[in-house]
Amino acid sequence: MNEIYKKLAVCLESVRAKTKFEPKAALILGSGLGDYADEIQIEQTIDYTDITGFPVSTVAGHKGRFVFGHVGDVPVVIMQGRVHYYEGYPMSDVVLPTRLMGMMGAKKLMLTNAAGGMNPDYQPGDFMLITDHITTGIPSPLIGENIDELGVRFPDMSEVYSSVLRELIKKEAANLGIRMQEGVYVQLTGPAYETPAEIRMCRNWGGDAVGMSTACEAMAARHMGMEVCGISCITNLAAGMSSQQLDHKEVQETADRVAGQFKQLVTAVLQNM
């Protein structure tokens, strides 16, 4: 058996020893958005530290636990705090939580993040529906021996972000009066914010927003056959797009400012998945 799959099986056994809850949908909460999980109908929580072999997030503002519960009638598992490649974990550990939620039973995955806006039409506080991604700047989570139990060796990535779920998000955003940008997300390694030259490169690639997470998780989920959607909260303009220096405090403040709208949108989307 593949060593990565063995680790996943141990984690799943550890979770199943604590809960029999079976989610239909999974949600990963980005920086500044973690409080959403506290407001659903919670059935159970499991700290990452209580799961055998599970990588633990070290980022400020990330609580580090799975929340199991219901959004409307939909059973969901929420990752309250994610693991990033820049924390020093191998990419297989970064996407382990995503794969684990799929193995728990989740068929659909909603990804969220805080991102820097590279499109000149974007403003801090905007939401961007992810239509596609670029992962050139990070190692693929699928490198190495294929995990046949999860998916095929050469998975199709022509539609990572489900067109059906994208239409649902646009519909619910319109119903709530929330302006929704659409664009391509670029994942880089971090943890330093990008240089102006790197942002120019990413814009030339066709990117609209940049961050340090999400795309690798989407890739791992699609490898498993999960249906994926993603929303970026544009918390700041990327380097060179304004004269302001970049810092994590600005990311948190912007995410907090639009958290109310975000929670409304996520709830509406999850209820109708």
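**Pocket**

I started with the largest pocket, where β5 gives the largest share of the lining, four residues. The model is predicted: local features need pLDDT of at least 70, side-chain atom pairs count only at pLDDT 80 or more, and totals for chains, interfaces and linings use all residues. Residues are numbered from 1 along each chain as its sequence is written, and side-chain values use heavy atoms, without hydrogens or water.

I looked up the volume of this pocket and found about 330 Å³. The search ran on a 1 Å grid over the protein atoms alone; a pocket is an open set of points with protein on both sides within 12 Å along at least five of seven lines, a cavity is a set where a 1.4 Å probe fits but cannot get out, and lining residues have an atom within 4 Å of a point. Points are joined across faces, edges and corners, and the volume is the space filled by probe spheres set on them.

The pocket lining has 24 residues; Ser-31, Ala-114, Tyr-193, Met-212 and His-248 lie nearest the centre. I listed the elements giving two or more residues: β5 (108-117), β8 (209-211), β9 (227-237) and α7 (248-257). Helices (H or I, at least four residues) and strands (E, at least two) are DSSP runs numbered from the N terminus. By class I noted twelve nonpolar, ten polar and two charged residues. Here Ala, Val, Leu, Ile, Met, Phe, Trp, Tyr, Cys and Pro count as nonpolar, Asp, Glu, Lys and Arg as charged, and the others, Gly among them, as polar.

**Cavity**

I searched the whole structure and got one cavity of 30 Å³ or more. The lining includes Ile-4, Arg-99, Pro-141 and His-223. It divides into five nonpolar, two polar and two charged residues.

**Helix pair**

I checked α4 (residues 163-176) against α8 (residues 259-271): the axes come within 9 Å and cross at roughly 130 degrees. Axes are lines fitted to C-alpha atoms, for helices over the stretch in contact, with angles from 0 to 180 degrees between N-to-C directions. In α4, Leu-168, Ile-169, Glu-172, Ala-173 and Leu-176 meet Gln-264, Leu-265, Ala-268 and Val-269 in α8; contact means heavy atoms within 4.5 Å. I counted seven nonpolar, one polar and one charged residues in this contact.

**Backbone**

I found a cis peptide bond between Gly-190 and Pro-191, omega about 0 degrees. Pro-191 sits in the loop between β7 (180-187) and α5 (196-205). Thr-214 is not a glycine, yet has a positive phi of about 80 degrees. I placed Thr-214 in the loop between β8 and α6 (215-223).
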